[in-house]
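Biologist: I have the sequence and the structure open. Could you walk me through some of the details?

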Amino acid sequence: MDRVLNSFIVSLRGAGVPVSVSESIDAAQALALCGYGERRVVKSSLGATLAKSAAEKEIFDDCFERFFTFESLKSPMPQGRASGEDEMPSDMPPIGGMILEGDMGGVALAVRDAARASDLQSIRYFTQRGMFTARILQALELDRLDRYVADLYREGSAGAEGTARQLEQGRDALIDMVRRFVEEQYAVFARESTERIIERYLQDVRLTELEERHYERMHMLIRKLVKRMNERFSRRRRRAKRGALDFKRTLRAGMPHGGLLFETRWKKKRVNRPDVVILCDVSRSMSTVVRFCLLMLYGLNEVVARIRSFVFCSSLVEVSHVFDGTPIAEAVERLRTGEGLDIHMGRTDYGSAFWDFTHRHLEAVTGKTTVIILGDARSNYGDPAEELLQKIGERSRRLIWLNPETPPMWGTGDSEMKRYMHHCDLVMECNTLRHLERLVGVLVRIP
Amino acid sequence: MTDRDGTFKSVDGVREGLKGVGYICNTEIATTVYLAFHLEKPVLIEGPAGVGKTELAKKAAAFMNVPLIRLQCYEGLDESKALYEWKYGKQLLYTQLLRDKLDRIVSRDSDLGESIRTLHQYEDIFYSPQFLEPRPLLRALQEEQGAVLLIDEVDKADEEFEAFLLEILSDFQVSIPEIGTVRSQTRPYVFLTSNSTRELSEALKRRCLHLFIPCPQPELERAIVRYHVPGIPDRLERQLVAFIHEIRKLELKKTPSISETIDWARALILLHAEGLDRDLTRKTLNTFLKFEEDIRQVDEKLMLLVDRTLKETA
């Protein structure tokens with residue numbers, strides 16, 4: 001296959017478009033059909049064969065524009081002498097000759113060849129930039145050029161010194177140019193790989209240890225996750241369970257045929273849209289986890305779940321209304337700080353929070369409701385009010401407790417987790433994005 | 001298909017051909033159709049509602065002068081609706097009618113074993129092509145002169161159905177256990193459309209050429225409006241398209257696409273409008289905005305939008 005096409009496909013893959021072998025064959029065939037004559041036709045035929053979604057098309061456009069333009073190679077070089085006064089000395093590397101002659105095209109070509117020789121396409125991480133720059137410069141025999149310049153200075157004659165100075169200028173411009181070229185190729189081939197590493201890291205990092213500067217990216221990740229979840233769960237509430245015959249309905253369907261069982265009916269598995277009541281501990285120890293958990297749940301609110309939420313610290317209030325009409329991120333921020341809410345932000349007291357809930361809002365919990373409690377169960381040695389939690393648990397369909405602490409920490413110090421967990425249907429550790437993702441799976445399937 | 005080869009010589013030929021049957025398109029669309037014809041690959045078309053995805057398939061069929069066979073996808077669509085089904089009623093009716101004959105045939109036999117053997121000779125009768133009800137996919141394969149198969153809104157179908165489609169799209173043959181394998185004489189041209197309500201599987205996308213049709217550029221849209229609404233005053237047409245493009249910049253629940261633009265143009269022609277003004281626009285907002293909130297939002301900014309449009313096109 002064509003080397004240009006091949007290298008373009010490598011760059012697309014680097015940017016995160018998964019191009020399969022069969023697709024690259026299609027692309028080659030398409031090019032053979034349409035030819036390279038018209039840029040727009042080339043672009044659309046490659047686009048049709050290589051990029052297979054709107055998002056990929058965007059990446060493709062970006063890559064195409066960057067790949068098929070080479071701005072950096074038009075960089076200014078010191079003007080060479082118009083006439084060849086001296087003869088080219090024999091031990092000067094070819095690149096030196098090009099610099100002296102001001103042959104920019106030649107230099108650009110040499111850089112390109114050197115880049116190919118040092119396999120610049122395989123650049124993936126920004127830390128590799130220095131290494132590749134050095135490799136390319138070496139392939140251009142920069143060290144030989146340096147030695148030659150030094151020799152010229154040693155010679156001491158006026159003409160030699162002039163040449164040396166010119167070569168030195170050219171050398172600096174060359175280094176600059178190679179550096180820029182590597183930078184650009186890095187952008188073409190590797191930008192996305194680095195991004196992906198950060199994303200993968202963020203999925204597993206503890207939310208409590210997340211650095212402030214990653215928040216923005218985390219929001220983006222959650223948005224992506226929510227979108228995926230919505231796609232997966234919203235469309236099909238009923239999923240045919242192949243193989244299990246629903247005999248009653250089959251009989252009924254056979255009635256028009258005089259009782260002959262022509263049409264079969266199968267049992268369905270329901271994917272439900274749960275009613276969720278969520279109780280959130282918003283004390284300081286919990287703040288980051290709460291932030292991301294709420295962000296996630298409310299993303300699902302529209303399609304997958306119906307949510308009523310309550311937050312508590314020393315006392316408990318309902319906050320569902322905060323989300324109506326406020327952008328999610330802003331609403332979450334308000335909840336975290338308790339701003340404008342009738343909530344007492346003193347010592348965390350699970351006992352009194354449960355008391356508030358059972359006495360004021362118990363009607364929110366029905367046999368269809370999943371209650372999620374998000375908290376570390378650290379109640380400052382107050383009355384844990386276990387029996388109230390038991391009451392909530394009995395009334396609900398399911399009671400899920402999400403604890404951001406790791407299981408070994410449960411029950412140590414003022415943590416009441418060991419006592420509470422007996423009343424829950426499910427207790428999960430929840431402090432990474434992966435845990436959150438698993439939670440959604442648990443929510444929408446009837447056990 | 002030798003008769004059509006001439007029109008498929010070049011990308012421009014395709015564009016002109018499509019224009020001839022009333023589909024005005026850009027290079028990208030023409031290139032994809034051209035490639036689909038030569039590489040014999042299905043085309044997956046995505047894009048917002050109303051930009052002419054389904055229309056492209058219809059017009060391609062008209063252009064190639066082959067029948068269009070359409071399969072509308074929905075949740076729960078299965079093979080019996082898409083591929084073929086036995087005509088149960090007919091089978092049942094025939095067995096009832098032929099009961100006497102069957103009795104006579106069987107009565108000659110001495111024992112049960114022999115009767116079964118006798119019946120075995122006849123069993124294929126009720127599972128023959130006469131009792132087969134072909135559904136769109138099978139019909140497309142059977143069409144001798146080739147056809148355009150439009151699989152509309154494939155994202156609404158279940159994943160299982162998508163997997164089943166893969167098989168057909170790669171081999172263009174199906175096996176019906178009782179009859180045998182049906183292979184297509186001429187490969188149908190397949191267009192799939194999707195509104196991206198869910199991600200389609202990688203495998204399906206890999207087999208298709210992908211075409212994303214966005215809302216068109218102003219010049220293209222003007223050409224389309226001119227084509228569909230002949231006799232529209234030049235000034236009105238320019239203002240109308242500019243206004244629609246202004247509206248697309250707003251954050252609406254449903255941004256108007258080409259079909260809405262055309263509807264609006266037709267409505268304005270009926271009202272004998274020569275140019276756009278605020279009052280007229282307000283009265284006809286509901287022809288291209290389909291949500292109460294959208295109408296309210298545009299109404300609030302109407303003065304600004306109309307003024308900007310008029311200034312732009314002045």
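**A covered strand in chain B**

Modeller: Strand β8 of chain B (residues 189–194) is mostly covered, with 6 of its 6 residues buried. This is a predicted model, where local features need pLDDT of at least 70, side-chain atom pairs count only at pLDDT 80 or more, and totals for chains, interfaces and linings use all residues. Residues are numbered from 1 along each chain as its sequence is written, and chains are lettered from A and ligands numbered from 1 in the order in which they are written.

Biologist: Which residues point each way from β8(B)?

Modeller: Buried is set by counting: 20 or more other C-beta atoms lie within 10 Å of the residue's own, against 12 or fewer for exposed and in between for partly exposed, with C-beta atoms placed from the backbone. Strands (E, at least two residues) and helices (H or I, at least four) are DSSP runs, numbered from the N terminus. All the residues in question are buried: Tyr189(B), Phe191(B) and Thr193(B) point one way, and the other way point Val190(B), Leu192(B) and Ser194(B).

Biologist: Which residue stands opposite Val190(B) in β8(B)?

Modeller: Two strands pair if DSSP finds at least two bridges between them. Strand β5 of chain B (residues 148–152) runs parallel to β8(B), joined by 4 bridges. Opposite Val190(B) stands Leu149(B).

Biologist: And which residue stands opposite Ser194(B)?

Modeller: That one involves strand β1 of chain B (residues 43–46), which runs parallel to β8(B) with 4 bridges. The residue opposite Ser194(B) is Glu46(B).

**Chain A and its sheet**

Biologist: What is the order of the 6 strands in the open sheet of chain A?

Modeller: Chain A has 19 helices and 8 strands. The sheet's pairing is mixed, and its order is β5-β4-β3-β6-β7-β8. Its edge strands, each pairing on one side only, are β5 (316–318) and β8 (426–429) of chain A.

Biologist: About what angle does helix α16(A) make with β5(A)?

Modeller: Helix α16 (residues 350–360) of chain A packs on the sheet and touches β3 (275–281), β4 (306–312) and β5 of chain A. Axes are lines fitted to C-alpha atoms, for helices over the stretch in contact, and angles run from 0 to 180 degrees between N-to-C directions. The angle between α16(A) and β5(A) is about 40 degrees.

Biologist: Why do the buried residues of α4(A) line one face of the helix?

Modeller: The buried residues of α4(A) are Glu56(A), Lys57(A), Phe60(A), Cys63(A) and Phe64(A). The arc is that of the directions from the helix axis to the C-beta atoms. Seen down the axis, these buried residues line one face because they fall within an arc of 130 degrees.

Biologist: Which element of chain B do those buried residues pack against?

Modeller: Contact means C-beta atoms, placed from the backbone, within 7 Å. In chain A, the buried residues of α4(A) pack against α1 (3–14), α3 (39–50) and α9 (158–189). In chain B, they pack against β9 (209–212).

Biologist: Which element gives the most to the side of chain A that touches chain B?

Modeller: In this interface, 23 residues of chain A are in contact with 23 residues of chain B. The elements that give two or more residues to the side of chain A are α2 (21–34), α3 and α4. The most, 7 residues, comes from α2(A).

How values were computed. Contact = placed C-beta atoms within 7 Å.
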